Amino acid sequence: MITDRSKISACIIANPDLRVAPELLLWLLDSHIPRKNILVYRGNDRDQVAAYNAAVEMALGLKGVDYHLFADADVRPYSASNALFESRFNITCVKCDTETGLSAWADESDFHTALWLADNKVLRQMKGPWFGWDYNESHSRINGCVCGKFRRAAIDKGFSIGHVGHARHYPRGSQLPDSICVRNCYTK
Ligand SMILES: [Zn+2]
């Protein structure tokens, strides 16, 4: 249970259009994460790997925080997502709908990046690049998503990793009709 929410940083990974789901911003504020700790990273929508790696780099550059939360800009947390702050895993994600539905969470240590939280001390022990596609040998086929590399590295280091709760998410190809556009001046 994280009681001191002032020690959490939150990095929202947005596409270049800077659209963010309103529920995400409201949930972060309702969760008492200080506004000054909420950052919006303008990711490269052509390179998801670079965007996630850059977000971790940015988070590790922050001082005075004990936990780092990362959220895709189109994830929509609600009350069922609050379990994230009660988790005892070193690295915890909130279960959400993926391009392959909920089957992506079949294993109790499955990890995906839509909404997740890591202990600062743990994240600092993991060397980048943290994310990368899992290709076959000729790089002609993707065997798994960009999160598998991070999951395997965490397990190899003996960190606990798991998922709790649920957040709403409309995977790639779905519309995000009521997102809001944050201005450039709010981004990092
Ligand atoms: Zn994934």
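Predicted model: local features only at pLDDT ≥ 70, side-chain atom pairs only at ≥ 80, totals over all residues.
In it, valine 94 stands opposite valine 164, a residue of strand β10. In general, the strands of a sheet pair through backbone hydrogen bonds, in either a parallel or an antiparallel manner.

An open sheet of 7 strands runs in the order β3-β1-β4-β7-β6-β10-β5, and its pairing is mixed. At the edges of this sheet lie β3 (38-42) and β5 (75-76), each of which pairs on one side only. The secondary structure of the chain as a whole amounts to 4 helices and 11 strands.

The overall dimensions of the chain may be considered next. Along its principal axes, the C-alpha trace spans about 45 × 35 × 30 Å. A compact globule of 188 residues would have a radius of gyration near 16 Å, and the value of 15 Å for this chain therefore agrees with that expectation. Of contacts between residues at least 6 apart in sequence, 79% join residues at least 24 apart.

The interior is the next topic. Buried residues account for 34% of the 188 residues. Nonpolar side chains tend to be buried together in soluble globular proteins. Here the largest nonpolar core comprises 47 residues, and those with the most contacts inside it are Ile12, Ile13, Leu24, Ala55 and Leu115. Several elements give two or more residues to this core, among them the strands β1 (8-14) and β6 (91-96) and the helices α1 (22-30) and α2 (48-60). Alanine 55 illustrates these contacts: leaving aside residues up to four places away in sequence, it touches Cys11, Ile13, Tyr41 and Phe70.

A second residue brings the discussion back to the sheet. Cysteine 96 is found in strand β6. Is this cysteine 96 buried or exposed? Cysteine 96 is buried, because 25 other C-beta atoms lie within 10 Å, and a residue counts as buried when there are 20 or more. Not counting residues up to four places away in sequence, cysteine 96 touches Val75, Ala114, Leu115, His166, Ala167, Arg168 and His169. By contrast, aspartate 66 lies 30 residues from cysteine 96 along the chain, and their C-alpha atoms are separated by 24 Å.

Key:
Residues numbered from 1 in each chain as written. Rg over C-alpha atoms; globule rule 2.2 N^0.38 Å. Buried ≥ 20, exposed ≤ 12 C-beta atoms within 10 Å, placed from the backbone. Contact = placed C-beta atoms within 7 Å. Core = buried A, V, L, I, M, F, W, Y, C linked by C-beta atoms within 7 Å. Pairing = 2+ DSSP bridges.
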